[in-house]
Amino acid sequence: MKQEVNPSETRRKEAFNLWMKSPMPMVTLTKTLNVSPLCRMSRRYKLKFNMLLCWCIGKAAKGIEEFYTLPEHGKLFTYDQLAINVIVNNKEEGISSCDIPYTDDLQQFKSNYEKLTQSARSSCQSSFIEDAMVIGTSAMVATELDCIVNQYTEQFCNPMVMWGRYRKGWLRTALPISFQFHHVQMDGGHAAQFLDELQKKMNAL
């Protein structure tokens, strides 16, 4: 459920006053993560790497309160559920996107991921979940990337996790990840906590 709230009655009161009217309120943090556990699980159980990473993103964000609040058009909204947005290459050689509802159940998330991404790919239509706080993702796996800084637009203030191709090494497989967020939604400390939690969730696999 999506609900408008009074910013002065939330933990984000000061941030809202400071950053809501800023012309560039987006912040980007980058961190190189060890994705060896995801690679092993992907190979062992024949699961898509990007699907597993998206599930871990939702799992890491779930426990951080700030992810359930989002500024939009000068207002502040709270949500009671999360979703992960995925960009897919469609059959017309363009891109479409779909919102995958987050669930702790990996098999259910996998089923939703496969159904919704395949529908977007074949129909060339995007699908959205309006009452969920959506975490955007963008995987540009055609090449290795050190950092990605996304465009900023008032039409999209959602947090965004972006990555390129992972890098295989002797002892581990590494993946630089860029995390962009709106400063009204969270501070740098919350974003750093999310990146640490993301690594912990992958390690726990």
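This is a predicted model: local features need pLDDT of at least 70, side-chain atom pairs count only at pLDDT 80 or more; totals for chains, interfaces and linings use all residues.

Side chains of opposite charge can pair when their charged atoms come close. Here, a search for salt bridges comes to ten, and we'll visit some of them.

**Stop 1: two strands.** Select glutamate 72 and lysine 2. They form a salt bridge, and the closest N and O atoms are 3.0 Å apart. Now colour by secondary structure: glutamate 72 belongs to strand β3 (residues 69-72) and lysine 2 to strand β1 (residues 2-5), so the pair links distant parts of the chain, 70 residues apart.

**Stop 2: a loop and a helix.** Next, pick aspartate 104 and lysine 62. This is another salt bridge, with 2.4 Å between the closest N and O atoms. Aspartate 104 sits in the loop between β6 (95-101) and α4 (106-123), while lysine 62 is in helix α3 (residues 49-62); the pair links distant parts of the chain, 42 residues apart. How accessible is aspartate 104? Its relative accessible area is 38%, which makes it partly exposed. Lysine 62 is partly exposed as well, with 39%.

**Stop 3: a loop and a strand.** Move on to glutamate 144 and arginine 167, whose salt bridge has its closest N and O atoms 3.5 Å apart. Glutamate 144 lies in the loop between β7 (133-139) and β8 (160-163), and arginine 167 is in strand β9 (residues 167-168), so the pair ties together parts that are 23 residues apart in sequence. Both ends are partly exposed: glutamate 144 at 40% relative accessibility, arginine 167 at 27%.

**Stop 4: a glutamine.** Is glutamine 199 buried or exposed? Its relative accessibility is 15%, and the cut-off for buried is under 20%, so glutamine 199 counts as buried. To see what it packs against, show its contacts and skip residues up to four places away in sequence: glutamine 199 touches Leu33 and Asn34.

Definitions and conventions: Residues are numbered from 1 along each chain as its sequence is written. Side-chain values use heavy atoms; hydrogens and water are left out. A salt bridge is a side-chain nitrogen of Lys or Arg within 4 Å of a carboxyl oxygen of Asp or Glu. Helices (H or I, at least four residues) and strands (E, at least two) are DSSP runs, numbered from the N terminus. Buried means under 20% relative accessible area, exposed over 50%, partly exposed in between (1.4 Å probe, protein chains only). Contact means heavy atoms within 4.5 Å.
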